[in-house]
Amino acid sequence: MQSIAYQVHRTRERMRLRLPDRRHDEAFFADLCEQLTALPGIVEVSGNPSTAGLLIRLDPTQAQDPRLAIAATGRLQIVDGPPPLSPGLNAVRRAADRIDRSLEEQTGGSADLRTLAVLLLIVLAMGQVLRGQLLAPAASLLWYAFELLRFVPTIPEEPEPRQRPAAQHLP
């Protein structure tokens with residue numbers, strides 16, 4: 001039986017796969033690691049059954065895509081992207097997306113859910129600072145706020161409108 005493996009990360013020297021359907025299947029991971037290590041272009045394979053993760057170290061000098069060799073074993077079907085969220089998390093994600101769209105519409109695009117989360121974390125951090133809780137909670141909340149900001153794409157500033165040359169009056 002072929003298992004679905006989600007490719008969540010890939011560089012020239014390594015590839016990380018997730019096999020959520022095989023979580024906690026120690027025998028499967030041990031056998032798979034042994035089988036994949038024997039393939040050309042693969043240097044080392046380590047599996048973690050408790051996280052359903054597979055780390056494959058690749059030979060960067062090999063030109064052939066290792067996914068072809070892995071697929072040829074008939075053990076894995078490799079799919080790009082992270083595994084799907086659980087149904088409960090999908091519902092939360094859809095609700096958050098609806099709130100986000102609504103906020104953007106109501107504010108004309110000037111605020112979204114991430115903006116509110118950053119502001120809320122900063123306000124909570126300031127509340128902790130005022131209570132004298134400087135190190136752990138305030139620092140953590142500020143850290144979370146700035147981590148959220150780090151992933152917000154920067155929007156280029158709008159260029160200044162061109163000034164029209166002053167009208168010249170002809171004699």
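User: Is Asp-80 buried or exposed, and what is its relative accessible area?

Analyst: Good place to start! Bear in mind that this is a predicted model. Asp-80 has a relative accessible area of 54%, and because the cut-off for exposed is over 50%, Asp-80 counts as exposed.

User: Which salt bridge does Asp-80 make with Arg-67, and what is the N to O distance?

Analyst: The general idea is to look for a side-chain nitrogen of Lys or Arg within 4 Å of a carboxyl oxygen of Asp or Glu. Here the side chains of Asp-80 and Arg-67 meet at 2.9 Å, N to O. This pair links distant parts of the chain: Arg-67 belongs to helix α2 (residues 66–72), while Asp-80 sits in strand β5 (residues 76–80), 13 residues apart. Arg-67 itself is partly exposed, at 26% relative accessible area.

User: Which residues are linked with Arg-67 in a network of salt bridges?

Analyst: Arg-10, Asp-65 and Asp-80 join Arg-67 in that network. One of its contacts is the salt bridge between Arg-67 and Asp-65, at 3.3 Å from N to O. Asp-65 is partly exposed, with a relative accessible area of 23%.

User: How many salt bridges are there in the whole structure?

Analyst: A search of the whole structure gives 6. Among them is the one between Arg-22 and Asp-25, whose closest N and O atoms are 2.9 Å apart.

User: Now the helices. What span does helix α3 reach, and what is expected?

Analyst: A helix can be checked by comparing its end-to-end C-alpha distance with the span expected at 1.5 Å a residue. Helix α3 (residues 87–106) has 20 residues and reaches 29 Å, close to the expected 28 Å. Just after α3 comes Gly-108, with a positive phi of about 65 degrees.

User: Which residues form the nonpolar patch on the surface?

Analyst: Ile-99, Leu-113, Leu-116 and Leu-119 do, and together they have about 320 Å² of accessible area. Helix α4 (residues 113–130) supplies the largest share, 3 residues.

User: Where is Ile-99 placed, and what is its relative accessibility?

Analyst: Ile-99 lies in helix α3. With a relative accessibility of 45%, Ile-99 is partly exposed.

Definitions and conventions. Residues are numbered from 1 along each chain as its sequence is written. This is a predicted model: local features need pLDDT of at least 70, side-chain atom pairs count only at pLDDT 80 or more; totals for chains, interfaces and linings use all residues. Side-chain values use heavy atoms; hydrogens and water are left out. Buried means under 20% relative accessible area, exposed over 50%, partly exposed in between (1.4 Å probe, protein chains only). Helices (H or I, at least four residues) and strands (E, at least two) are DSSP runs, numbered from the N terminus. The expected span of a helix is 1.5 Å times one less than its number of residues. Patches are made of residues with over 30% relative accessible area and no salt bridge: like charges are joined within 9 Å, nonpolar side chains (Val, Leu, Ile, Met, Phe, Trp, Tyr) within 5 Å. Accessible areas come from the Shrake-Rupley method with a 1.4 Å probe; for residues, only the protein chains shown count as cover.
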